Each structure stands twice: as C-alpha cells, then as structure tokens.
Amino acid sequence: MSEKFLKVEDLKIGARIYPPGEKPRNIDIVHGVSFELEKGKVLGLIGESGAGKSTIGLASMAYGRGGVEITGGKVWVNGREILGTNLKDLRKLRGTEVTYVSQSAAASFNPAKKILEQVIEASLHQGKFSKKEAEARAVELFTKLGLPDPENIGDRYPHQVSGGQLQRCMTALALCPEPDLVVFDEPTTALDVTTQIDVLMAIKEAIRDTGVAALYITHDLAVVAQVSDEIMVLRMGDMVEHGTTDQIINHPVEEYTRDLVSVRSTQHDGKPPTDNPVLTVENVTARYKGTNFDVLHNVTMELHPGQTLAVVGESGSGKSTTARVITGLLPPREGKIHFDGRDLSSDLEGRSREDLRELQMIYQMADVAMNPRQTVGTIIGRPLEFYFGMRGAEKKKRILELLEEIEMGPEFMDRYPAELSGGQKQRVCIARALAAKPKVIICDEVTSALDPLVADGILKLLENLQKIENVAYLFITHDLATVKAIADSIAVMYQGRVVRYGPKADVLAPPFDDYTDLLLSSVPEMRLGWLEEVVQNRKMESAGN
Amino acid sequence: MMRIPPAALIGLFFTGLYFFMAIFAPLIAPYPMTEIVGDVWEPSSAEHWLGTDNIGRDLLSRMIYGGRTTIFIATAATILSFTLGSILGFTAAVVGGWVDQLMSRFVDLIMSIPTLIFALVVLSVMPVTLFMLILVMGLLDSTRVYRLARAVAVDINVMDFVEAAKLRGEGRRWIIFREILPNALSPLVAEMGLRFIFAVLFVSTLSFLGLGVQPPNADWGGIVKENKDGIVYGISAALVPAVAIATLAISVNLVADWVLNRTTSLKGGRG
Amino acid sequence: MHPILKLVAQRLALSILLLLAASVLIFVGTTILPGDVAQSILGQAATPESLANLRKELGMDQPATTRYFNWLFGALQGDLGTALTNGRDIVESLGGRLKNTLFLAFWAAVVAVPLAIFLGLLAVRYRERWPDKLISAVTLASISIPEFLIGYLLMYFVGVKLGWAPTVSTIYDSMSLGEKLSAIALPVTVLTMVVLAHMMRMTRAAILNVMQSAYIETAELKGLTSFQVIARHAFPNAIAPVVNVVMLNLAYLVVGVVVVEVVFVYPGMGQYLVDHVAKRDVPVVQACGLIFAAVYIGLNMVADIVSILANPRLRHPK
C-alpha cells in the first residue's frame, strides 16, 4: 500500500519575535519544505538547533507554538488539506488522527491529574472509544511499552513515576486514540543513555505493532537511524538532503550530511600514563551540606601532565561533584587532593593564588559562565591582570594572542557575550581559562549544550591547545563518543563510585564490568540495525543467566 | 541615538517639571507659603490661579511649597531605604549562612505587620518631625528593597560566572561590585522608581491622616486634609493636591517602566 | 502523619510564632523607643509630679518585660486594657468598630474578588490586545493614585455633583441592611478600585503562567476545545496561585480600609486607630495594631495553606 498519508508541499513558517527594547519583527523559520509520508512509515527529521524541525512537526497538526505562524504552503493529512480548515475540524484531527510526543514528558503531563486519565482523555473526548475500551487499550499499551505494573501505573500522578517511565506514558498517550500519525519530538533527548535505549526500543516496537506513520524529530543522527525508514536533513529552515536511511547514513551526498554522519567518529590515540601525575584524587568521600548521605565514595583517580582524563557517567553518578571537590567548592569528608607534588587545601579559602591559577575550569553553559555586562576583552583580560599584573598594551597583546589561539579575530575584543554564538562563547571561556596559564583545566560537560558539529570544533580546538600549551584536562561528560574523541585515560562513575578506571585502551576493551558494559552498549552507533542487535544481545544474555 | 517612547517622554517631562518646581519653589511661588492673601476658598482668578485655600492662602503657592516638602521627604526616604536595603540585601546574599538567616527572618517579621499600621504605631509615641518621618518611612521601606536586592543577588550569585570569579580567587569586593552589581542594577533602578512612588503616597497618606507634616507647614497630603471639608460643599480645592500626587506618581512610574523594559534580561537572547 | 498535615501544622505554628513576634514588635515600638508616653500625653507643660503619677498609673515603673507579659496575657483573655483618653474599656469600644470594618471589607471583597478574577481571565483571553492593554494601563494608574484621591473624586462627582450616594457613611446598628449598603456604597467602590487593579494583574500573571505550561499544549494537541483546556487543565493548577492573589489583596484591603474610613468618616477601626494615634493613646494603638497584624498574618497564612493543599506533589507523595 503506498497511499500518501501525509503530504507537505512548499511549507513556509514564520514567527513574530519580540526582542527586548526593540520593535517586534517577523522572521522566517522554514522556507519552503516539501515531503510525503506513507502509512506505517517513519520519517526522521534531523538538524541542529534552529533548523526548524520541531516547527515542521507541529505544522503537520496545523499548530504553531508561541508566536509561530504557518505563512505558506499546503499540508494534506488523509487527503484533506488542513491549513485552510477551521479550528473545529482541526480539533477533530488533533488527538485522533495526529498525535504528539514531546521532549519533556514531565512538563507535558498535567501535574494535578492521574496518568491514566490523561492518556485516555483524547480518545474519550473524540468519542473514539468508550471509557472501558480506552482504559483497556491504555493498559495494553503500558504493557507493550514495558512499563512496570501496567494495570495500576495509570493511577499514579506524573511526579510519582521516573523520567523514562513518564516518557513511555507519553508515548502511550499519543498511541491510545489509534492515530494515523504520531509526531515524536526529541522523545529521548532528555534521558540518560541507558534509559534511552529502552524507550527507543519501546517506541520502535509500538510503531511497528500499531502500523502508524511517524515523524521522528531529533538532533541525533545515530538515534534516528535506528527508527526511521527515511531521513530528511534540515538546516536553517531549508531541506539539505532527503533519502532512505541507508542512503543518508551510508552514502550521503551533501557535504553537510557527510559532516553530520562523520561527526562522532573522531578518534584519539591514548597516550600512556607518566610517572608523575599532575593531579591526584585520593580516596575522596564527600556529601553535601545539610544531607546525611555520601554522594562520593572513595573516589580515586590520577591525571597526567598534558593528558586528558575523561570522567564519564550518567546523571547522578557524582562526576560533577568530583569536580567541585577538586576545585575546593565542596570540601571532602575524607580523602586528599594532590596537585603537582603538593597537597591542596580542601577548601577554597585555604588555597594560594598560585593553586587557583594552575587549576582552571570551563563550564557546560557558556552563556552563564560569562558576566553579560563584561566585554570579551575584559573577560579574557581579567585573569591576566589578576594573576600576572598585566596592564595596558601588554595585556592587550596577550588578549589578541589568546583570541588567535581560539581562532577568533581581534574584532571580538569589544563584543559582549550576548553577541556571540554558542560555540564562540565556549571558545571565549576556553581563552579565559588558558589566560591563567594553568596546568590543569576541568572541563565540565563543555560540549553537551552545543550542536554536534560545533561541539566537534570545540573538541578539536581543545586537542590542539593541549599540544601547544601542554595543559591537562579533566574532562567530565556523559557522552561516550566525546570520550573516545579526546581521552587518554577514563574513569567510569556510577552512583558516586569509580567502577572502572585506567588507560583508554584498557577501559574500552573487554572484559567489562556490568555497568560499563551496559553504558558502552547503550551508546547509539551510526549504523542500521544497531538497536535490534543490542536488544537481541541483551535478551540472549539474560536468557543465558 | 535611542528612541524614547511617548509615554516615557510624558513621564520624564512631568517628573522633571515637579522636581524643578520643588528645587526653585521660592523663586516660582507668587506668594509666601503661609500668608493669608484673600478670602476662604476663593475660586481661581488672575491673582490666584488655583484660588485660595481653607483660610485664604494662595493655593498655587502652597502647592509649590507643598510639592517641595513632599518630594524632599520622599527622595530622602527613598535614598535611605535604598542604600540600607540594597547593601544589607547584597551582603545577605553573598555572605549567606546565619547572617542571611537572621536578617531575612527579621525582615519577614517587620513585613508581617502592614507598613501603614506599623508606622502609625511608631508615630503614636514619637515626635512627628521631618527627620522622624524620613527615618520611619526609610527604615520600613528598606525591608522591601532588602528582599528585592537579596533575591536578585542570590539569583546572580549562583551563576557560573560568579563561581568562576570565586575560583579565580577574587575578593568579596570585586564579586559584589564588579560581578553582581552591574547585573543587578537595572531591576534595582526600576525598583527605585517604585519605592519613590511608594514614599510619595506614604507621606501623603500620613499627612492626610494628620500624622505627617504638621501645620502650618504642609505637604500635598496635608493640603488635601486642610481642604477636604470643602468637598461636601462642592469646593474642589482638595482635589488639586490629590491630582498632583497622582500625576507625579504616574510620571515616575512611566519612567521606571521604560527603564525596566529597555534593559534586557540577564541571559541574553536565547530561546 | 500525612506529610501534608505536617506542613499545614508547621505553617500554623509559624503564624502563631509570627503573631507573637509581631506583638513584641508592637509593644517595643510603643514603649521602649525614646518617646515618652506620659510626656507626650501631658505635653511640655507637665509638672514632674504629674508625669510621675501618670507613669505609675500606666505601670511604667515596672520593667518592660513584666508589662509586656501582663499586656499579652490580658490580650489572650480578651482584655486589651483601657483607653487613656476616656478611660473606657478598649475591647468594648473596639467590638462594634471591628464589626463595621469587617462589614465594609467584606462587601468590598464580595464585589472586587469575582470582578478581578473575571477581568483577569478577560485579559488572558485577549492577551496583547486592547482589553489587556487597557487593564495594564489602569493598573499602572491605580498603583499611583492615593486612596483618598479616588475617595474625594467619587465624593465630589458622584456624591456632591450628582447626589447619587451619601458623602458621609455613617451607619448604626438600627439601620436595615439595605440602608447600610446604601451608606457604604462609595467607600466600597473606592476599596474595590484600590484592590481591583492589583488583583486583576496578579490573576492575569498567575493564569498566564499556567497557560504557558507544556501540559496546556498537550491538551490543545488532544483537540480539546478552549473551554475544556481551561476547565480541565488550567483551572486545577490555577486555583492555588489565584487564591494566593486573592488573600494577599484582602490583606491589602484591610490596610486600605484605614484611609477610606477617614475619608468617609466611617465608624470603623481604622478611624478609631488614627484618632488615637493623634491623641497618643498608646493602649488603643497597641490593641488596634495587634488586631490589624493578626488579620494580615491570618490571611497570609490561609494563602500559604491553600498553596500547600493544592500542590499535587505534596498531596500525593511518592
């Protein structure tokens, strides 16, 4: 059957924005995108932030979020043109024929109502099922999606289930009215990688079993490769390339697509450890003030001069807490920090200016890591002034050198952070850290908030700078692809403990402990059939046990 | 060159006008403040533009001098509440710990009693002088400034750029004045306008109740009180100072609104 | 114990503590400050003997803590002492006036609360269009206009020029409800206008906050009608913030009553308080201060408790 269920023709979308202190103006988000989708097929929409992919997804329900307006083109659903129809007909379409799964299920569920009530609401409202039928269908979906206690989970309130479970409930909500099309908008992006794989598989099986068509929106090409039949690459509101999943992943035509495909494949040859580590974390146990449980247990790791130690783990693993202990923001209950042959005071006040200078930090969110009222010149210049007493021409010369090192021109000196792009902001933060001529830089998820290609650029820059400045990085991340791209040694953390530690080659080579195995195998790979393979392997293992 | 919206222009104009008249009152006022120059409640005429008041003084002159008193008290009280409230608020946010707890709980306590009632309670035993009025108003209002300054500073204090400054080893002075203050300034300046309005309304209310500026001196609230008995006879003299209070307050509000709208949010242009 | 009960109990205890602390503050404000009550009652011309006598009569020869506890325990047993100026029992004089003030505040609330919520909803419905803009302009004006201006404007135009309502709001116990309502028509209107704008704007903000939540989008994408979205999804989550707004404004109303009573010569507690502040009658001022503080603290407490009760995370713990 090749009935064109969804047809989008020359779709144009704009928005009215209200910049503070300026006149409102109209901007274009999507400039003329066309595609078709058959019943039971999945189309992946992929692109970086600002590509317009979510906007296109919602346009298939004739819905514009915030000030977004569909300014041109046509959208047919089940043979009906929907952009011109009135609100009453649209409401019949929404919730029965086309449904939506958002990135944040936690925000998308009404906190004051029980889950089941919300899951079956659309079916009841549209008169598609009786209450009894709808409830039975919901339980069936809960079961299919692998939720625990499917009979009763619907009686809970949204805050009473975990994030991964709620995301599956959201999928149940979308599938309950037996729609013809589901729009999945980054449904697994907010989840930890080990949770993501289960949700991903649940979604994939649900799509297959119910035979719905789906738009799957994500910024992660490896994820979309697992669930889609076709992929459309978008960039700044334009279509770049559209093809079958196999073609896009294995034979990309456009350069931009090729970049996206190869982005995670950077490999870094790990250097062997030296005899004299520059930073040693020794048996650190720590807890937050006013709590009565430890968040770090006996953490030990070493960082060698000019090398990179990646500390990897999921949310709650204690990796960022480790950084806080090293910087002195959280004095440990037990354990010591050695730095370059000396003991570091456990709290910030006890550290000398030299200690502080030699240990710098770069943050995840570059836009809040810089004072918005200071220019780039001031931001980079302050450490020069503060640590080396540089003034005037000497300072300026050094600022320009640093700007050059981060591949930015002298014209940036007088700009404010708000005038920079995400990648540029992070570069300035790197320059600020380098200005102190540190021996160690702690990088806390420095690429996680960036689009893949931009992140790739930052990683390459960091690697080059390491060679030039001979600085060591303690690189905190949840992303294993990043780890492979930059690390010399790796510490895997789980629930406040280091579960695996050593040179990269050893850590990434079998035999694995259970957690590292789970973590490594959960990272989506840029090839078809990866998801099934992993799930198959896991099933066999658990059967073998 | 930035464009000033018309509403803000009107606000700026009237605010400027009132302050100008307050500063140069003796030069502008056609008659002395307390001299009886005519009959009781004369209607407006060429000699007395706004007519005369309840005992025959020139209302316009009394309004000009009264405005001077109102604006002086309100400005002084605003400066007091502002300086005190923002310094304590910033200190509480940056120092934290028990200092913060102690000050914040004390402010909670003061704010648990309505400001007007509290002022009345205190003024029932204190001598009602200009100095005392400014002190009572300034101190009571500083609790609100404290709350705002503390909230703003706490928000900024947890931002990564402040942490970065701490990790760099910067002292408390640098952190307060170079990292926090520049970012807290725009909400605080807008708040300053609101606090000034509040002070104008507050001193007017106290004087209207007979517990503020004492005769023969008068601020605008006092002039309302003096002439209020005329209202039931259809004499509108009391409305003149009341309208002046309202226009001053609205003008300052328009300016404050503009200042607040003009300054962008901390995070810049994301989302 | 259910955690929510614990929270409510905590909030209750906090209010009692706050009221106690406020009583200390009021007492301290009127006795330990440098002003001398006896001096201010008798004036500068008083002889040292008469001053000493009055001080003794007021119990000023005892330590402040003793006086405070005497006062507090008296207040707890319904004895607020006697007025200095006329020697009458304060509770007796206050009773009728408190009733009158509450009567005025009650009718103002009856008019203002539904009106404000309705207009707040209207502002949300027509967001960024003229009804909304009008409402924010009115709010801006109304926080800048002193209560007595609104009072005298109404009195001048509606009362005197048009003669539609009495300009002085005297009420007696023997009046019928209709007569009373007619007498307080103008002060109720003033109070309504004073709190309306604030309440409208805060209601608008509270509801808008809820309407911008992602779950409202979910509801819209289910194809529900606007009414269903509001009734089923926005309303349950908007109750707490709106009740909060109402309570805060009622607390504000209680204070606004003071000025309005003076304007319309209304025999309520505000008028009584202002008279006795001028006469420096400290026991009366303390008593009125305490009652106003109690009402204010009480309303704030109700607002907080409603928020606690309406929070699904607290009502259904994990």
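Hi everyone, let's start where two chains meet: 24 residues of chain A are in contact with 17 residues of chain C. Please keep in mind that this is a predicted model.

Which helices of chain A supply at least two residues each to the side that touches chain C? They are α2 (87–93), α3 (105–108) and α4 (115–125). The largest share, three residues, comes from α4(A). If you like to think in residue classes, that side of chain A has nine nonpolar, ten polar and five charged residues.

Chain C has 318 residues, and 41% of them count as buried. Here is a number about the fold of chain C: among contacts with a separation of 6 or more, 73% are between residues 24 or more positions apart.

Back to chain A, where we do find strands. Four of them form an open sheet, in the order β2-β1-β4-β5, with antiparallel pairing. The edges of that sheet are β2 (25–38) and β5 (80–81) of chain A, each of which pairs on one side only. As a quick reminder, strands of a sheet pair through backbone hydrogen bonds, either parallel or antiparallel. Inside this sheet, β1 (residues 4–17) and β4 (residues 68–77) of chain A pair over eight bridges, in the antiparallel sense. If you want a spot to look at on your screen, find Gly14(A), which stands opposite Glu69(A) in β4(A).

What does the record say about chain A? An unreviewed UniProt entry annotates "domain: ABC transporter" at residues 6–261 and 279–520 of chain A. In the model, residues 279–520 of chain A are 40% helix and 24% strand, and the end C-alpha atoms of that span lie 27 Å apart.

Finally, chain B. Here UniProt, again in an unreviewed entry, places "transmembrane region" at five stretches: 6–29, 71–96, 116–140, 192–211 and 231–260 of chain B. Let's look at two of them. Residues 6–29 of chain B are 92% helix and 0% strand, with end C-alpha atoms 30 Å apart. Residues 116–140 of chain B are 76% helix and 0% strand, and there the end C-alpha atoms lie 9 Å apart.

Notes
Residues numbered from 1 in each chain as written. Chains lettered and ligands numbered in written order. Predicted model: local features only at pLDDT ≥ 70, side-chain atom pairs only at ≥ 80, totals over all residues. Buried ≥ 20, exposed ≤ 12 C-beta atoms within 10 Å, placed from the backbone. Contact = placed C-beta atoms within 7 Å. Pairing = 2+ DSSP bridges. Helix = DSSP H or I, 4+ residues; strand = E, 2+ residues; numbered from the N terminus. UniProt positions renumbered as here; feature names shortened; annotations may be inferred. Nonpolar A, V, L, I, M, F, W, Y, C, P; charged D, E, K, R; others polar.
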